[in-house]
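Hi,

Here is the structure I promised to pass on.

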Amino acid sequence: MTTPPAVVAIDAGQTGMKVRLDRPGSAPIDEVFPGIRTHEPLLPQLAAVARTVAREHDVRVDVLAAGVSGLTDAEADAAALRTVLEDQHPSRVLLAHDSVTSYLGALGDHTGAVVAAGTGVVTLGVGRQRVARVDGWGNIMGDAGSGYWLGREALDAVMRAHDGRGAQTALTAAVRSIWPDLESAYIALQVADDRVAQIAALAKSVAALAESDFVAADICHRGAGELALSVSTAIERVREADDDRPAVCAIGGVFRAPIIRTAFEHALHTRQPDAVLQPARGQGVDGTAELARLHEGHALLGYVSVA
């Protein structure tokens, strides 16, 4: 009996890999695997997950689509992934940065812009002919408006207040609850392996204190403005003269803060009055499944490694 072919879509992040198996005549099956091990080669990990799903459900991986968090140019090699998975004889392999699959999950096969803001942030604009990535350059060179950015601005405000260079703020107590000795906090952070996560975690305090603390409120409004600027820039880079009103989707933990979401919407409509904000259609794994169905000639395929 011939093993039936199937489509395997992998939404690969560091905290977990969400996998969708799609077989003809059957409802899709979703599973969750442990996250990417960043100290090990990526492609064998993706192949191992696909192979495990195929074995568990007695199918052959005919199409493999993977959206990977932080995918580098060196790793974006669908042909190499196809070789690693050669025992499955796949007919098509697609490998993309998760900004692409986040976009597809949020807006599907439509033009517009998606901003995904969590610890970091990346914005993707997709037009009929062009694609524009804005920011997503990491906490050292970018990620303006991200959770990390909000936390870093909070630390800056607290130390300015401590020195007398800036206004006093309730954020000081929030920071002291983690680092009682403010003057040694920077040393503790410099040696902490998880310093990015620690700093990003302060974003919750910034949002929570914004209603009563003008320093926290200012950080939220400036962060929202940065996010709106990124979206507006992406739209302008891909928009054509006769395009309809651009669809915009804002996803990620930063937008769970009402003050940031409201300020973002206001700032965006100031820059792009005809933009249409809409909720996400689905999640990253939905976008990865959509990636497997992209038709030839789609603008996003230029940002995808295909073999």
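Some housekeeping before the rest. This is a predicted model, so to speak of local features we need pLDDT of at least 70, side-chain atom pairs count only at pLDDT 80 or more, and totals for chains, interfaces and linings use all residues. Residues are numbered from 1 along each chain as its sequence is written, and side-chain values use heavy atoms, with hydrogens and water left out.

Back to Asp58: its phi is positive, about 55°, although it is not a glycine. Most residues other than glycine have a negative phi. Asp58 sits in the loop between helix 1 (42-57) and strand 4 (60-68). Helices here are DSSP runs of H or I with at least four residues, strands are runs of E with at least two, and both are numbered from the N terminus. His89 also has a positive phi of about 55° without being a glycine. You'll find His89 in the loop between helix 2 (78-84) and strand 5 (92-97), and it is exposed, with a relative accessible area of 59%.

Now the whole chain. The secondary structure comes to 12 helices and 11 strands. Along the principal axes, the C-alpha atoms fill a box of roughly 75 × 50 × 30 Å. Of the 307 residues, 49% count as buried. Among contacts (heavy atoms within 4.5 Å) with a separation of 6 or more, 67% are between residues 24 or more positions apart.

On to the inside. The largest nonpolar core has 45 residues, and Val115, Leu171, Ile219, Leu227, Val231 and Phe264 have the most contacts inside it. Its largest share, 10 residues, comes from helix 10 (residues 214-238). By nonpolar core I mean a set of buried Ala, Val, Leu, Ile, Met, Phe, Trp, Tyr and Cys residues joined through side-chain atoms within 4.5 Å. Leaving aside neighbours within four places in sequence, Phe264 is in contact with residues including Val115, Leu227, Val231, Val248 and Leu277. There is also a second, separate core of 28 residues, which includes Leu42, Ala54, Val61 and Ala78.

Not counting residues up to four places away in sequence, Cys249 touches Ala106, Leu107, Ala113, Val114, Val115, Gln278, Pro279 and Ala280.

Last, helix 12 (residues 284-291) is mostly covered, with 7 of its 8 residues buried. Those buried are Gly284, Val285, Gly287, Thr288, Ala289, Glu290 and Leu291. Their cover includes strand 1 (5-12), strand 2 (17-22), strand 4, strand 5, helix 3 (98-107) and strand 11 (304-306).

Cheers

Conventions: Buried < 20%, exposed > 50% of the residue type's maximum accessible area, 1.4 Å probe, protein only.
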